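Biologist: Let us go through this model together. I will ask what backs each label.

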Amino acid sequence: MRIAPVPASLGVAILLATAACGSSDETTAASGKGPITVEATDTSCTVDRSEATAGTIEFTVRNTGSKVNEFYVYGEGDQIIGEVENITPGLTRSFHVEVASPGTYQMACKPGMKGKGIRADFTVTGATTSQAPDAAMAAAVTSYQAFVSAQSDELLTRTTEFVALVKAGKVKEAKAAFPVARGPWERIEPVAESFGDLDPMIDGREDVVEEGMEFTGFHRLEKDLWDTGLQSDSGAIADKLLVDVKEIVVQGQAVQLNPLQLANGAKGLLDEVAVGKITGEEDRYSHTDLYDFDENVKGSKAAIDALRPVLKARDGALLTNIDARFQTLDTELDKYRTDTGFKLYTELTKDQVKALSVAVDAVSEDISKVAGVVAQ
Amino acid sequence: MTDLSRRRLLGVGAGAAVVGAVAGVGGAYAAQQGSEGSDGSATVGQADEADVPFRGAHQSGIITPAQDRMHFVALDVVTEDRAAVAEMLKAWTRAAERMTVGAEAAPGGVVGGGPYRAPEDTGEAYDLDASDLTITIGYGPSLFDDRFGLADRRPAALQDLPGFVGDDLDPGRSGGDLCIQACANDPQVAVHAVRNLVRMGFGVVSVRWSQLGFGRTSSTTRDQVTPRNMFGFKDGTNNLKAEDTAALSEHVWVQPADVPGDSAWMAGGSYLVARRIRMHIEIWDRTTLQEQQDIIGRDKGEGAPLGQKAEFDALDFATKGADGKPAIAVDAHVALAHESRLNGIRILRRGYNFTDGSDGLGHLDAGLFFIGFMRDAQKQFVPMQRALAAKDGLNEYIEHTGSAVFACPPGLGPDAHWGQDLFS
């Protein structure tokens, strides 16, 4: 992502510019070449020029004060374009900043490492440095959209089977089909959730359905199958579920995503696990939460897999960590696999649930960094 | 200042720099201007003077004047990757040092990452100063099992505490591979510190238990007023104080001779004993003043030892009361815990009052989160607690519900980081 420059009006603080105003310095400033030198004290921040040409800009920061200092280059909204920290008294440190677009930025010295710092505007001139279109990113999106489309098809197939069993009054078979039918849904949940009312109609839980909305969808049928027994309107509810799922399929196959949505989707799926599945809230009648858990994780992995080439190129260490932590999570989840699927949530001890939660936290923390890598 | 042009700003600044260099007043000018623009640097300089130094011979948070608030966490290591633990401790050092001066956990941590990143700092302490924040870490005995190849480096004194009479320990509130003690005068600052360190540790450590403390129950320097515990009594009058340097060497700091060979990394450190002591507040409140005072061995108003007048009067076990019996009963709390009855044993107490809501039976789940620092928990806390557990009249009103011991390594020199010596 390119950093937009700050509007000049936002530059509110001060800069103690160089005291030397000789002609040679002005020449340097005009040409915008060579490193920009910064002298930082506990109370001042002096730079030898405040303009540079777009591209790679080098700063050399010398701390002549008595406090640990930091130097920042900020874009809009105080987004950090570049920074160098832990400049201890007496130390000089150099660093490079990539600034792609001309405009007004801000520089800041931060004696004592806190507060807004001592600031000044910083002008970048010249032409925007071009960025090659990212083919890997486009490929990631295409690949993930294909995944969403395939899962939508699968959702339709499985829901059709489940609905037929409910309508035939085959409770035992319908119960077995319930967690299986939900699988593809759970894999693409963040995408499906973006289609307005379809999400609550298909997957709403009784206590989160909005006022005035009927309790329908998977969880209504779950309640019928496990708790109250099939009701007179169970068949109608099943029919409606199928209609709604068909609509999801149409929308899912046409969805246009961007790379950030992939990254946020990967995170969103793990959030689903952390707040809904790890607590046993999602499938409160059937207690088949671990099925959904597993599918959410698979969906999150699919988004990461689509982004894999991008992540590998930009932050291989993060990708390695994510892979390792997904592995740990899988190992933990594997402990509860049975011949037909998973143990019920209610069969797990508190310690076992905590171990799962620890593994989810670990991978979630890393996945939360993916959006930033994609956006950079 | 937005109506001024950039050139104008620079011009003003340049002038100030010259004046500053010559007359030494430019700094004040700069700071003042900064304050007008935003929060500026004027407050930065003032706050710095008050911050507790992060580095030094010993970790801060031990003899540092006890702050009013505490957030303590015990953590379990959840990875088998030794390098990941060492790396986390190094990352913690950087963040902790930053937070103890009131800085964000990472540069630009709150908003500097831009709109598409999860902020690196959680932000709730963004506008707060450091509030005397100290962050102290410790290693539990279990860290030295066979997982990380540290067995040979375990100091002999670092052992789980034995059971004591009357203990009702909850495993979920006891033990841990690591601990973080964050103390500050603003609770939000302490909680922020722990929250951010815990977050950095996901995948490496997991919180095993945690405790919030809302009021210090000990003074660790002579100029602090002695606070009161939840029983309403002054607590820690006879505590070791930061000024007692010789006594600290004898009773608090691990000496090189204590930790020969592979455990030498612990020299200059201290053992932290944590005990969650639930107080049966409501029962205590129904107890007569005389009985309360007899149990403690001090008067409630002044805090003086029974038979004496002022808080800091020495305890005299020979003084008789009106009834001809010793004014301080032989099994009074202050008598049992007194060095003269414990072969000279002393510890540095640094505990906090806590109230964790209520217990579902209409009673406060409140008490004292005891923290004691000492040179050898086995030789100091264990005999002291054995004596108290056996005879203390307070036992009718208290119950120990959590227990842990940690080896807090020595302080950090310039450029050093936590775990460096232990994991080297």
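Modeller: The centres of domain 1 and domain 2 of chain B are 47 Å apart, taken over C-alpha atoms. This is a predicted model.

Biologist: What makes these two stretches of chain B separate domains?

Modeller: The bounds come from an automatic or database domain assignment. That assignment gives domain 1 as residues 1-39 of chain B and domain 2 as residues 69-423.

Biologist: Which domain features does UniProt place on chain B?

Modeller: The unreviewed entry has "domain: Dyp-type peroxidase N-terminal" at residues 59-214 of chain B.

Biologist: How much of chain B counts as buried?

Modeller: The share is 54% of its 424 residues. As for contacts in chain B between residues at least 6 apart in sequence, 75% join residues at least 24 apart.

Biologist: Take one residue. Why is Val358(A) called buried?

Modeller: The cut-off is under 20% relative accessible area. Val358(A) has 15%, so it is buried.

Biologist: Where does Val358(A) sit, and what does it touch?

Modeller: Val358(A) belongs to helix α11 of chain A, residues 350-367. Leaving out residues up to four places away in sequence, Val358(A) touches Val78(B) and Ser206(B). A contact needs heavy atoms within 4.5 Å. Ala274(A) is 84 residues from Val358(A) in sequence, yet the two C-alpha atoms are 9.9 Å apart in space.

Biologist: Now the voids. What makes a space a cavity?

Modeller: A 1.4 Å probe fits there but cannot get out. The structure holds 4 cavities of 30 Å³ or more. The largest cavity has a volume of about 700 Å³.

Biologist: Which residues and elements line the largest cavity?

Modeller: Its lining has 39 residues. Nearest the centre are Asp235(B), His333(B), Ala337(B), Arg349(B) and Leu388(B). In chain B, β6 (270-279), α9 (333-336), β9 (364-374), α10 (381-391) and β10 (398-408) each supply at least two residues. α10(B) gives the most, with 4 residues.

Biologist: How does the lining of the largest cavity divide by class?

Modeller: It has 17 nonpolar, 13 polar and 9 charged residues.

Biologist: What is the volume of the second largest pocket?

Modeller: About 720 Å³. Its lining has 26 residues, and the closest to the centre are Val68(A), Asn86(A), Met113(A), Arg55(B) and Glu97(B). Two elements give two or more residues to this lining: β6 (80-87) of chain A and α4 (82-99) of chain B.

Methods: Residues numbered from 1 in each chain as written. Chains lettered and ligands numbered in written order. Predicted model: local features only at pLDDT ≥ 70, side-chain atom pairs only at ≥ 80, totals over all residues. Heavy atoms only, no water. Buried < 20%, exposed > 50% of the residue type's maximum accessible area, 1.4 Å probe, protein only. 1 Å grid on protein atoms, 1.4 Å probe; cavity = no way out; pocket = protein on both sides within 12 Å on 5 of 7 lines; lining within 4 Å. Points joined across faces, edges and corners; volume = space filled by probe spheres on them. Nonpolar A, V, L, I, M, F, W, Y, C, P; charged D, E, K, R; others polar. UniProt positions renumbered as here; feature names shortened; annotations may be inferred.
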